[in-house]
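Dear colleague,

Please find below the structure that I am handing over to you. My notes on it follow directly after it.

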Amino acid sequence: MAVLTGLAPEGVFKYFEAICGIPHGSGNTKMISDYVADFAKERNLKFIQDDSNNVIIFADGTKGYEDHEPVLLQGHLDMVCEKAEDCKIDMDKEPLELCLKDGIISANGTTLGGDDGIAVAYMLAILDDETIPHPPLECVFTVDEEIGMLGCAALDMSPLKGRKMINLDSEEEGYFLVSCAGGVTATAHFGIEREEYEACPLKVVLNGLKGGHSGVEINKGRGNANTLMGRALYLARKEVKDLKIVTIAGGLKDNAIPKSSEAIVVTKDPKKLIAEIEKIEKIYKNEFVTTDSDIAIKVSETENSLVPMNEKTTKNIITALMMLPAGIQRMSFDIEGLVETSLNLGILKTNDSEVTMSYSVRSSVESEKNELIDKMTCLAEALGGNVTTMGAYPAWEYRKDSPLRDLMLEVYKEQYNKEPIVQALHAGVECGLFAGGLPGLDAVSIGPDMTDIHTFNESMSVDSVKRVWDYILELLKRL
């Protein structure tokens with residue numbers, strides 16, 4: 001028996017439960033894509049299904065709305081597949097086991113996929129109900145959003161005529177997302193020159209930091225282990241002048257603030273280096289007593305078979321770590337508390353022939369993102385290196401003039417009798433790619449209340465789904 005039968009809105013929960021019966025993790029979207037395409041076929045709706053499994057469904061405006069401007073509704077088909085250790089469900093092949101308790105929907109031992117299955121359910125329910133008044137609709141179902149917005153990046157947007165878009169991929173009712181950062185991974189490369197040097201090899205380890213997401217948590221003042229390692233080596237070399245780097249590395253993802261960093265160095269005076277590092281640790285503990293109280297930096301003896309970097313290379317690497325831009329660069333003047341531009345040295349590596357420093361560069365203003373790349377390039381080239389970029393995605397810049405946002409605020413205040421919270425995100429979302437591909441796009445992202453998304457504790461509020469449904473229908477009537 002269906003778990004969600006009897007819940008209102010009936011159509012939304014009918015389709016949400018159907019979606020939960022189809023495995024649709026990121027990278028496994030063919031079945032869910034075919035389900036949506038078959039839905040369109042059965043109702044004689046024009047649709048496009050591309051090779052990436054994205055689907056666009058077109059619906060004419062209802063009576064009296066035929067000549068209105070088309071409106072885009074958008075969400076993604078894929079979900080994050082996580083489960084408890086003792087869960088036996090094969091999420092690549094088996095349906096989710098839904099649970100309903102006290103008005104909260106969850107899944108037994110797995111992620112629920114409310115992110116973004118509820119968007120799919122909303123759109124299908126609207127398209128399936130001929131009694132709902134609406135303008136011409138262009139419903140866009142993208143794939144693989146959770147692993148880099150790959151479907152949206154591959155989507156041919158030329159058939160889309162609408163320039164007002166309601167994205168349904170937010171997880172907190174009453175919050176309107178109106179801007180997001182664009183980004184790029186920028187990697188600075190510095191060649192290595194080595195020379196023999198008879199000295200004591202030592203390992204310097206900096207750890208105990210909290211880390212975090214380099215977009216959402218870049219404003220919390222937490223230390224970056226890689227940049228702090230560069231500063232520590234710079235300070236240490238003021239007294240231990242013969243110190244040379246053998247290898248240096250830290251961090252696993254460019255979009256995560258690194259919690260630890262490690263360097264193997266050589267010096268003829270290990271006692272002095274140990275003493276200097278003890279002083280530096282005290283400085284760091286004082287500076288980060290609030291944000292990273294467990295920070296530690298220690299020196300220990302180690303073995304080393306590699307030839308150290310020469311004086312020039314050692315100096316260049318430390319200079320780059322000290323001088324390349326890092327952290328918050330600019331705050332927004334339009335949205336209070338929003339980080340507008342930042343970068344994070346997430347991955348530091350020593351390879352056979354070079355040291356690489358990979359940064360996640362973010363900005364909600366495209367020109368500021370480009371300026372940061374230029375700054376990195378200028379310094380890298382001055383030190384004999386270069387900068388490469390990959391995975392660029394555009395910013396969704398804040399629109400001071402947004403008729404859609406104005407209407408949505410008006411309708412929200414009428415329905416809820418209070419003001420919504422208008423916010424921006426210092427991370428990438430699909431709206432940024434749509435804004436880049438559809439000049440003049442006016443977009444807002446909304447959604448019902450969900451908690452613990454991307455975990456097996458994920459849940460979604462039935463009442464919130466209903467309120468947001470009523471809100472969407474009123475918006476469509478007014479559009």
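Ring pairs join Phe176, Tyr412, Tyr416 and Tyr471 into a cluster. Rings of Phe, Tyr and Trp (its six-membered ring) pair if their centres lie within 6.5 Å, with planes under 30 degrees apart counted as stacked, over 60 as edge-to-face and the rest as tilted. This is a predicted model, in which local features need pLDDT of at least 70 and side-chain atom pairs count only at pLDDT 80 or more, while totals for chains, interfaces and linings use all residues. Residues are numbered from 1 along each chain as its sequence is written, and side-chain values use heavy atoms, with hydrogens and water left out.

The structure holds 8 aromatic pairs. In one of them, the ring centres of Tyr284 and Phe288 are 6.5 Å apart and the planes stand at 85°, so this pair is edge-to-face. Both Tyr284 and Phe288 are buried (under 20% relative accessible area, with exposed meaning over 50% and partly exposed in between; 1.4 Å probe, protein chains only). Tyr416 and Tyr471 also form an edge-to-face pair, with 6.4 Å from centre to centre and 65° between the planes. This pair links distant parts of the chain, since Tyr416 is in helix 9 (residues 403-416) and Tyr471 is in helix 11 (residues 462-478), 55 residues apart. Helices (H or I, at least four residues) and strands (E, at least two) are DSSP runs, numbered from the N terminus. Tyr416 is buried at a relative accessible area of 17%, and Tyr471 is buried at 3%.

Helix 5 (residues 225-237) contains Tyr234, and Arg237 is placed in helix 5 as well. Tyr234 is partly exposed, with a relative accessible area of 40%, whereas Arg237 is buried at 14%. Leaving aside neighbours within four places in sequence, Arg237 is in contact with Leu243, Glu311, Thr314, Lys315 and Ile318 (contact means heavy atoms within 4.5 Å).

Leu7 lies in the segment before helix 1 (10-20) and counts as buried at 17% relative accessibility. Leu7 and Asp463 are 456 residues apart in sequence, yet 9.5 Å apart in space, C-alpha to C-alpha.

Finally, strand 1 (residues 46-49) and strand 2 (residues 55-59) pair in the antiparallel sense over 4 bridges; two strands pair if DSSP finds at least two bridges between them. Phe47 has Ile57 in strand 2 as its bridge partner. The hairpin has 5 residues between the strands, and Asn53 takes a positive phi near 90° in it.

With kind regards
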